[in-house]
Amino acid sequence: MNSVVRAGVGAPLRISVIVGSIGYRRVLASLIRSSLPQAKIEDVDPYSQTMRGSGLAFGGVADVIVLGGIGTEAEALSGLQRLRARDACPPIILLISHELAPLSERLYEAGASALLLKDALSRNALVSTINALTAGTPEATSALPARQYGQFTFIADGERTALAIDGYKSLATLSANPLAQVLFAESIETKMRVVVKLWLSTPHHNGGDAQNFCERFGYFSSLNGRNVVRYLDAGIAGSWPYVVLEYLSAGDLRRRMAAGLSIDAAVQVLYKIAVALVDVHAGGFAHMDLKPENIFFRAEESIALIDFNISTRIGQVNRDPISGDVMGSPFYMSPEQGRGQPIDGRSDLYSAGIVFYEMLTGVRPFEGENSAQVIFKHLHEEVPLLPKRMRQLQPIVDRLLNKNPDERFTGAVELMAALQPYLKMDGDNHIGVTDPSSDATR
């Protein structure tokens, strides 16, 4: 195996990702950046290169090459031969199909430094392999662990589908819809319980959809669980990207509401939602599906927002790109979201107002027999009054649920300030939230 010479002490890793599919390349780069944010990633379409002899224009200064798009033995051997013909070729991670796995010995002999399955690829496995290959010691790769794959079976497009996912085994299906499959799972090695979410709306071969996944995953995973669900791993299974999320055993807000919430508890939950929205909006996103089922609690009573499947860049329109339908939950949808207009963080504040009203009263402010009726009421009906015993909170509700976004709070930070007089502190003047830093409006 060739030794690795880095550009200099402390220099960032240089990684060439050579894959024919633009969507797959984008997902790979996003997975790598989420763990190695300082890495310099060269995104290479091999079909735009001549691939003749040793004079390749790409990968010339890379510390490691990730070579994918390999479906046949001939493709694998040809790609390895051409790369290895170069002087000082860096280590090559070869992404192969399941069918080529029995040929692993021959592929290693041809110059592969490590082999990973292209349609059962996890970020953690990819990054640990990159780190091992670039450690600069000959024995680094001798300790590369054998991968363990769990079988995940579900229905997609009316057909039973089975996928392998690195490091986890399926326990049960939590939810299923055309956008995503959400499965309860556990680590094969540690037995830790997790949630695995497959993004069925985002096949990696679709470059635009893959880019949307990469943007969301890149930002929300970077929060490291601060007010959002923690991302433990991610990868590609079959045709789709997936994420592995922490299992939030304390349950969601819907469960708390069913048991009954005091006025003080409802105010504190709204405050925590506002804190979380500061982080969401700081990344240039609106959540767009804020509802009790997507607001979870941790054991220490902080909250974690989940389900960023339809989160939308601020200033854009939240519509299904294929059908053109408005996406979201009608009972919690802002008027501008219902109209299919460009949105910003104030749309989430409207949804938070619906949740707040429901926490206080046990019912939603706008009901209807179908989605169209509910959306019509969001657009045209007056905000109902709270019961007299909690009427002091009516100004908060009215401003959150104003039909005109310009008349709502300007952002989550302003909502936090408005709630301060209503917060009931404990003996340590603490309400169990992590306040955003002073640059919360960044």
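The model is predicted. Its 442 residues include 52% that are buried, and its secondary structure comes to 12 helices and 17 strands. Among contacts between residues at least 6 apart in sequence, 62% join residues at least 24 apart.

**Helix α2**

- Helix α2 runs over residues 73-84, which makes 12 residues. From its first C-alpha to its last it reaches 16 Å, close to the 16 Å expected at 1.5 Å a residue.
- The buried residues of this helix are A76, G79, L80 and L83. Seen down the axis of α2, they fall within an arc of 95 degrees, so they line one face of the helix.
- What do the buried residues of α2 pack against? Their partners are β3 (64-67), β4 (92-96) and α3 (104-109).

**F152, a buried residue in a strand**

- F152 sits in strand β7, which spans residues 149-156.
- Is F152 buried or exposed? F152 has a relative accessible area of 0%, so it is buried.
- Leaving aside residues up to four places away in sequence, F152 touches T161, A162, L163, I165, Y168, K169, S170, L183, A185 and V196.
- One of these contacts is A185. F152 and A185 are 33 residues apart along the chain, and their C-alpha atoms are separated by 9.3 Å.

**Two residues with a positive phi**

- As background, most residues other than glycine have a negative phi.
- A88 is not a glycine, yet has a positive phi of about 50 degrees. Its place is in the loop between α2 and β4.
- With a relative accessible area of 71%, A88 is exposed.
- D307, also a residue other than glycine, has a positive phi near 60 degrees. D307 lies in the loop between β16 (303-305) and β17 (312-313).
- The relative accessibility of D307 is 23%, so D307 counts as partly exposed.

**The largest pocket**

- Rolling a probe the size of a water molecule over the atoms shows where empty space is left.
- The largest pocket holds about 770 Å³ of space.
- Its lining has 31 residues, and S175, V182, N294, I306 and D307 lie nearest the centre of the pocket.
- Which strands each supply at least two residues of this lining? They are β9 (168-176), β10 (180-187), β11 (193-199) and β13 (240-246). The largest share, 3 residues, comes from β9.
- By type, the lining of the largest pocket divides into 15 nonpolar, 8 polar and 8 charged residues.

**The cavities**

- How many cavities of 30 Å³ or more does the structure hold? There are 2.
- The largest cavity has a volume of about 50 Å³.
- The residues K197, W199, V229, Y231, V243, L245, I306, D307 and F308 line the largest cavity. Strands β11 and β13 each supply at least two of the lining residues.
- This lining comprises 7 nonpolar residues, no polar ones and 2 charged ones.
- I306 and D307 link the two spaces in this tour: they are among the residues nearest the centre of the largest pocket, and they also line the largest cavity.

Conventions: Residues are numbered from 1 along each chain as its sequence is written. This is a predicted model: local features need pLDDT of at least 70, side-chain atom pairs count only at pLDDT 80 or more; totals for chains, interfaces and linings use all residues. Side-chain values use heavy atoms; hydrogens and water are left out. Helices (H or I, at least four residues) and strands (E, at least two) are DSSP runs, numbered from the N terminus. The expected span of a helix is 1.5 Å times one less than its number of residues. Buried means under 20% relative accessible area, exposed over 50%, partly exposed in between (1.4 Å probe, protein chains only). The arc is that of the directions from the helix axis to the C-beta atoms. Contact means heavy atoms within 4.5 Å. On a 1 Å grid over the protein atoms alone, a cavity is a set of points where a 1.4 Å probe fits but cannot get out, and a pocket is an open set with protein on both sides within 12 Å along at least five of seven lines; lining residues have an atom within 4 Å of a point. Grid points are joined across faces, edges and corners, and a volume is the space filled by probe spheres set on the points. Ala, Val, Leu, Ile, Met, Phe, Trp, Tyr, Cys and Pro count as nonpolar, Asp, Glu, Lys and Arg as charged, and the others, Gly among them, as polar.
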